[in-house]
Amino acid sequence: MGLGLLASRALRSSRIFRNPTNSVLRTIVSTPELNNADAAAATAPASVPSDRSPVGGARVHFPNPDDVIEVFVDGYPVKIPKGMTVLQACEIAGVDIPRFCYHSRLSIAGNCRMCLVEVEKSPKPVASCAMPALPGMKIKTDTPIAKKAREGVMEFLLMNHPLDCPICDQGGECDLQDQSMAFGSDRGRFTEMKRSVVDKNLGPLVKTVMTRCIQCTRCVRFATEVAGTEDLGMLGRGSGEEIGTYVEKLMTSELSGNVIDICPVGALTSKPFAFKARNWELKGTESIDVTDAVGSNIRIDSRGPEVMRVVPRLNEDINEEWISDKTRFFYDGLKRQRLNDPMIRGADGRFKAVSWRDALAIVAEVMHQIKPEEIVGVAGKLSDAESMMALKDLLNKMGSNNIFCEGNGTQPNADLRSGYIMNTSISGLEKADVFLLVGTQPRVEAAMVNARIHKTVRANNAKVGYIGAAADFNYDHQHLGTDPQTLVEIAEGRHPFSSALKNAKNPVIIVGAGVFDREDKDAVFAAVDTIAKNNNVVRSDWNGLNVLLLNAAQAAALDLGLVPESEKCIDSAKFVYLMGADDVSLDKLPDDAFVVYQGHHGDRGVYRANVILPASAFTEKEGIYENTEGCAQITLPAVPTVGDSRDDWKIIRALSEVAGIGLPYDSLGAIRSRIGTVAPNLLELDERTPATFSTALRPEVSQKVSSTPFTPAVENFYMTDAITRASKIMAQCSALLRK
């Protein structure tokens with residue numbers, strides 16, 4: 001027997017009484033004292049205010065002590081900043097007010113009326129989400145009038161809501177379920193036919209059952225205010241009101257999956273996750289996203305050996321509470337095209353599975369036959385700091401310094417940390433008033449950084465200037481040019497945008513990591529440094545000079561010094577160790593070169609490999625990743641490894657042992673101690689370590705910028721690495737949404 005049924009029976013038995021004629025009478029409302037609210041209020045015992053803590057452990061910041069006001073919530077005095085709403089005041093007082101339409105990151109709609117409270121001297125209950133708190137206001141949240149008002153609102157909301165709970169994917173984590181149990185009646189009085197609404201096709205990611213919709217308009221406001229695409233809207237009026245697209249089209253935003261999280265009912269749910277599992281069956285593991293360089297905080301929900309879904313975690317400094325569609329839906333690629341066993345390519349060109357001992361013995365034997373300067377190591381874009389440290393130490397012990405990371409180019413400048421991280425920080429972008437984007441398209445390179453820029457443009461009317469190939473932005477911008485010559489014009493003050501930078505209070509320049517692959521990259525960075533110097537972009541209280549990286553491994557690789565000795569090291573290499581590197585160009589690699597591929601997916605790097613060593617994916621291991629703003633974060637294992645795969649650093653440690661040059665660590669703690677001697681900032685987990693020296697220390701360059709236009713660094717947002725290329729969901733998105 002369900003708990004709801006038990007509670008219903010208990011309530012029912014307590015509300016039945018008999019009159020003298022033995023006939024049974026029942027009250028309509030769920031609490032008998034609500035029939036006479038005034039009498040109930042008069043007889044209610046006076047409660048003594050007790051110490052309370054804010055809902056969710058929230059902290060109150062008072063920017064100006066003179067703007068503090070005091071209100072009383074259920075007799076409890078609470079100090080709040082001027083401008084807060086009644087609902088926010090109640091949360092600070094430790095009272096959780098029910099709500100459906102209100103969301104702290106969206107504009108106020110005030111249309112669900114679930115948050116009704118009683119305010120002294122107000123003739124009727126008020127919507128607390130839309131009512132500003134005034135000095136001395138006395139708010140009552142638990143009176144019979146407020147309870148009766150919420151009960152009535154809930155009855156109206158459930159009037160047309162279908163009884164879909166047993167087959168609804170929102171079941172178990174549904175606001176409507178929770179609040180109807182907590183604040184609703186135990187019965188309804190509606191006996192007419194419920195209305196039904198035709199489902200909408202929003203694309204391959206979001207499933208719609210619009211009959212469940214309660215018209216809270218959260219998804220409409222999210223699409224407009226956060227995603228920046230006005231795809232959704234409210235159509236009709238009265239009982240014919242429904243959410244939909246204005247014309248038959250799909251949701252094209254790269255953040256569309258977030259409407260699944262903010263929908264309080266089961267109207268918008270995950271299409272790939274439909275009917276797969278209930279939330280109470282899942283084990284949640286807090287981890288980090290590695291599909292781009294932002295390092296969004298995520299929770300990986302798994303059941304047994306399989307990742308079932310990925311949802312966001314709150315981190316105000318990085319991703320707030322949103323994640324991109326690629327982050328949310330790439331997880332099915334983790335179980336496709338996986339490498340299970342060590343393999344060696346035979347004389348016939350086919351791979352055959354062998355033991356770890358045999359595979360490592362062959363690799364070690366070949367390594368000793370190659371000259372040190374002909375040994376090259378390439379770290380992939382999903383590599384963690386521990387594995388890159390181990391690979392660098394292994395190659396150094398073999399006498400080679402030719403090691404680099406995908407995306408950084410073969411001649412990166414790793415001398416000044418401020419020259420390759422986001423110095424402003426991701427959250428710091430909200431203080432900017434002018435943006436200059438150089439060779440970067442944040443919407444596809446780092447969707448969460450783009451969301452911050454969009455938020456700043458909406459809030460501050462910030463100006464955005466863009467230099468690069470024509471691109472689709474979701475905010476107003478000026479396309480200044482396509483090549484670095486425009487940079488020179490701005491640096492010399494000959495461009496109209498120069499005045500906007502000159503007059504800006506907090507200007508921000510963001511250079512794309514795609515510039516690393518240009519031959520004139522030094523000249524481009526010199527021009528950017530000149531612009532920064534002329535327009536006060538870098539000063540003691542503000543550093544607006546930034547580089548937006550593309551991959552999760554780039555920042556840590558540069559911190560650890562993965563810089564090759566020779567720019568043309570691939571051209572003369574005879575032994576190449578690819579650690580998850582699938583996008584590095586091997587066209588100029590000699591035909592007789594021996595290639596070892598260590599990775600978790602049978603992707604591009606496998607086709608050229610002589611030996612394959614299966615490694616674990618980021619969901620199966622513990623590893624440190626540094627994001628584009630220089631914040632080190634850690635992934636945790638959510639599911640067991642696949643087949644006979646091992647962690648990257650363990651494979652390299654075992655190879656060093658077989659090769660007779662054992663590395664001096666055999667645990668994560670020991671290898672992190674080694675990292676601490678090279679880049680101690682990588683051990684400051686969840687803390688952003690700012691750069692010590694500014695880019696003003698860069699040496700002057702005589703190189704001139706070329707007229708070659710900037711090219712897009714990301715061709716396909718949905719397919720950027722081995723995991724996303726193996727994902728069926730990402731393939732569907734790529735086919736449908738990029739038309």
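Modeller: Let's start with Gln598: beyond its neighbours within four places in sequence, Gln598 is in contact with Tyr577, Leu578, Met579, Gly580, Leu613, Ala615, Asp648, Ile651 and Ile652. Bear in mind that this is a predicted model.

Colleague: Thanks! Which strand is Gln598 found in?

Modeller: Gln598 belongs to strand S27, residues 594-599.

Colleague: And is Gln598 buried or exposed?

Modeller: Gln598 is buried, because its relative accessible area is 0%, and the cut-off for buried is under 20%.

Colleague: What joins the side chains of Gln598 and Asp648?

Modeller: A polar contact of 2.7 Å links those two side chains.

Colleague: How many residues apart in sequence are Gln598 and Tyr577?

Modeller: They are 21 residues apart in sequence, and their C-alpha atoms are 7.7 Å apart in space.

Colleague: Changing topic: what is the strand order in the open sheet of five strands?

Modeller: The order is S21-S20-S19-S22-S25, and the pairing is parallel. Strand S21 (478-481) and strand S25 (545-548) are the edge strands, each pairing on one side only. On average, neighbouring strands of this sheet are turned by 25° against each other, direction ignored.

Colleague: How many bridges join S22 to S25?

Modeller: Four bridges join strand S22 (residues 507-512) to S25, and the two run parallel. As one example, Ile510 has Asn546 in S25 as its bridge partner.

Colleague: Which strands does helix H15 touch?

Modeller: Helix H15 (residues 521-534) packs on the sheet and touches S19, S22 and S25. The direction of H15 makes about 175° with that of S22.

Colleague: And what does helix H12 lie across?

Modeller: Helix H12 (residues 447-460) lies across S19 (434-438), S20 (463-467), S22 and S25, and runs at about 150° to S19.

Notes
Residues numbered from 1 in each chain as written. Predicted model: local features only at pLDDT ≥ 70, side-chain atom pairs only at ≥ 80, totals over all residues. Heavy atoms only, no water. Pairing = 2+ DSSP bridges. Axes fitted to C-alpha atoms, helices over the stretch in contact; angles between N-to-C directions. Contact = heavy atoms within 4.5 Å. Buried < 20%, exposed > 50% of the residue type's maximum accessible area, 1.4 Å probe, protein only. Polar contact = N/O pair within 3.5 Å; in protein donor to acceptor, adjacent residues only side chain to side chain.
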